[in-house]
Amino acid sequence: MDGADPAWRPSASVELIRLRSAVLGRLRAWFGDRGILEVDTPVLSRAGASDPHLENISAELGGRAYFLHTSPESAMKRLLAGGSGDIFQVCHVFRAGEQGRKHNPEFTMLEWYRLGQRLEDMMADVESLTSDLCSISKPLPSFRKTSYRDLMRGITGVDPFTAAVPELINALDSHGVVSPTGHPPERDELLDLLLATVVEPALDPEQPVFVYHFPASQAALARVLPGDPPLAERFELFFGGMEIANGFYELTDADEQGRRFDHELKRRAADNRHVPPRDDALLAALRAGLPDCSGVALGLDRLLMYLAGINDIRDVLTFDFSRA
Amino acid sequence: MASYSTNEFRSGLKILIDGDPFIIVENEFVKPGKGQAFNRVRIRNLKTGRVVDKTYKSGESVEAADVMDTEMQYLYSDGEFWHFMVPDTFEQYAADSNAVVDAKNWLKEQDHCQITLWNNVPLTVTPPNFVELKIVETDPGVRGDTAQGGVKPATLETGAVVKVPLFVEEGEVIRVDTRTGEYVSRVKD
């Protein structure tokens, strides 16, 4: 990007703006062919994301704080509980502080839910859809699958389920990654750092790979498969050197979801961070009955980066954050 | 005390770590989808020049270093300190020998230099990229040898010794690139 450009100018070229339009048209056709309903949910919410790894952006209306959604998940699950059947949505989501080569504080997410589907089915969905979208200009080979444990062990040599903190620090160090200073690091944080700085760059960018069965501590809103170790029924799709999509076999147990929310909110308070109101509307929807379902969130901007062979997210956005 | 959140990290930002001022050379934001975000930074110690890598959990704060670059005019040296003045305000600053260690060979009175102030005390002095200095001592020139690549040492009025072409004479003024310490050209009056 030319830094001398006047700030009114779009960040993306006209060619990439056209590519985005083509992708949007094509994905709507894909969902339409399967009878999956397009929905449009509010961006502002009374509840904020409780996930300690997300930072909400708030807006004030009538003396009351509202939050720009970090994902449409809550509203879409309320629709599912309300009887919508299979749904999809393309929308902007907002996350404070996320800015970098692969991050913009506001980005475009494609999210969809299907009733009665398990992770395997959703991986098939993701492969079918992304292969279709990428066939526009950069066809993908058939996708690979690996468990989180095998992937981490294969690339870093450490077992993510059993390695202690010093072992993880050593593994990072041997790949030239300095561990965070200041606070005593937690296992999950070091695993996150390993994944983002060692594993992701080691993956073949041209080979899509599903990674499934994350540690239960990284379940977010996914169900946990009991066992030793317990496994999160969650997958991520990587290609183009990036995480492109994330899928859950959705947690439908209101009590368990309530416990996770409370745990996360407590953690935020302990870390001296902003504690948003709990998402009680979602808990009420789960109590009323969320049908058995799986859901996927896919980063459309990153998919465009892959399609266009571009390695800075700003180049696929009409106006990146610095021009917002 | 002012501080910066990792959200504000960008190259050029000056931060204080363990009592030393550092400048951010590179900043990379990394975050796995559902996990902890980090800022990986490459920073340079402004006192020692050493470059180190650090990783911060995003959202952490780091103390700001009160470091500022100011253009000043070099006045004189009293042997212990090198004295500079801000042209607009006539404010004067004294730099010690540590601050001028790389610059002192190129400092000519009246020249404008960049002074990096830390807590309002000169930390480093950067001379102009090009300076014009008089040769006070060099072997006699070799007539007619203007095309050959031969060089000889020449001592300049500041005490610096640079390699100059054989045809350059004592008493002449030459232009030197202070970043490389190399002769550029003769300066004709």
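In which crossing, left-handed or right-handed, does α3(A) pass α9(A)? The first legend below takes up this question, and every close-up is drawn from a predicted model.

**View 1. Helices α3 and α9 of chain A, where they cross.** Helix α3 (residues 119-134) of chain A and helix α9 (residues 300-308) of chain A have axes that come within 10 Å and cross at roughly 45°, and the two helices are therefore oblique to each other. The crossing in which α3(A) passes α9(A) is right-handed. On the α3(A) side the contact is formed by Thr130(A), Leu133(A) and Cys134(A), which meet Leu303(A), Tyr306(A) and Leu307(A) in α9(A). Of these residues, Cys134(A) has a relative accessibility of 0% and so counts as buried.

**View 2. Helices α5 and α6 of chain A, packed side by side.** The pair shown here consists of helix α5 (residues 165-174) and helix α6 (residues 187-202) of chain A, which pack at an angle of about 20° with their axes 10 Å apart. That angle makes α5(A) roughly parallel to α6(A), and α5(A) passes α6(A) in a left-handed crossing. The residues that α5(A) brings to the contact are Val165(A), Leu168(A), Ile169(A), Ala171(A) and Leu172(A), and those they meet in α6(A) are Arg187(A), Leu190(A), Leu191(A), Leu193(A), Leu194(A), Thr197(A) and Val198(A).

**View 3. Helices α2 and α8 of chain A, with Glu73(A) in α2(A).** Helix α2(A) and helix α8 (residues 280-289) of chain A pack at an angle of about 25°, their axes lying 9 Å apart, which makes α2(A) roughly parallel to α8(A). The crossing in which α2(A) passes α8(A) is left-handed. Ser74(A), Lys77(A), Arg78(A) and Ala81(A) in α2(A) meet Ala281(A), Leu282(A), Ala285(A) and Gly289(A) in α8(A). Glu73(A) also belongs to helix α2, which covers residues 73-81 of chain A, and with a relative accessibility of 9% Glu73(A) counts as buried. The side chain of Glu73(A) makes a polar contact of 2.9 Å with the side chain of Lys77(A), a residue that is itself among those in α2(A) meeting α8(A). When residues up to four places away in sequence are not counted, Glu73(A) touches Glu111(A), Tyr113(A), Leu221(A), Phe248(A) and Glu250(A).

View 4. Phe214(A) is found in strand β8 (residues 209-215) of chain A and, at 1% relative accessibility, counts as buried. Leaving aside residues up to four places away in sequence, Phe214(A) touches Tyr148(A), Phe161(A), Leu231(A), Ala232(A), Arg234(A), Phe235(A) and Glu236(A). The C-alpha atoms of Phe214(A) and Pro230(A) are separated by 9.0 Å, although the two residues are 16 residues apart along the chain.

**View 5. The cis peptide bond at Pro229(A).** Asp228(A) and Pro229(A) are joined by a cis peptide bond, with omega about 0°. Pro229(A) is found in the loop between β9 (224-225) and β10 (231-239) of chain A.

View 6. Ala269(A) lies in helix α7 (residues 254-270) of chain A, where its relative accessibility of 43% means that the residue counts as partly exposed. Although Ala269(A) and Pro52(A) are 217 residues apart along the chain, their C-alpha atoms are separated by 9.8 Å.

View 7. Cys293(A) counts as buried, at 0% relative accessibility. The closest cysteine sulfur to that of Cys293(A) belongs to Cys91(A) and is 17 Å away, too far for a bond; a disulfide would require the two sulfur atoms to be within 2.5 Å. A search of the whole structure finds zero disulfides over all chains.

**View 8. Two residues of chain B with positive phi.** Asp18(B) has a positive phi of about 50° although it is not a glycine, and its place is in the loop between β2 (14-17) and β3 (20-30) of chain B. With a relative accessible area of 79%, Asp18(B) is exposed. Asn120(B), likewise not a glycine, has a positive phi of about 70° and lies in the loop between β10 (112-118) and β11 (121-126) of chain B. Asn120(B) is partly exposed, with a relative accessible area of 47%.

Key:
Residues numbered from 1 in each chain as written. Chains lettered and ligands numbered in written order. Predicted model: local features only at pLDDT ≥ 70, side-chain atom pairs only at ≥ 80, totals over all residues. Heavy atoms only, no water. Helix = DSSP H or I, 4+ residues; strand = E, 2+ residues; numbered from the N terminus. Buried < 20%, exposed > 50% of the residue type's maximum accessible area, 1.4 Å probe, protein only. Polar contact = N/O pair within 3.5 Å; in protein donor to acceptor, adjacent residues only side chain to side chain. Contact = heavy atoms within 4.5 Å. Axes fitted to C-alpha atoms, helices over the stretch in contact; angles between N-to-C directions. Parallel < 35°, antiparallel > 145°, perpendicular 65-115°, else oblique. Left-handed = near helix turned anticlockwise from the far one by under 90°.
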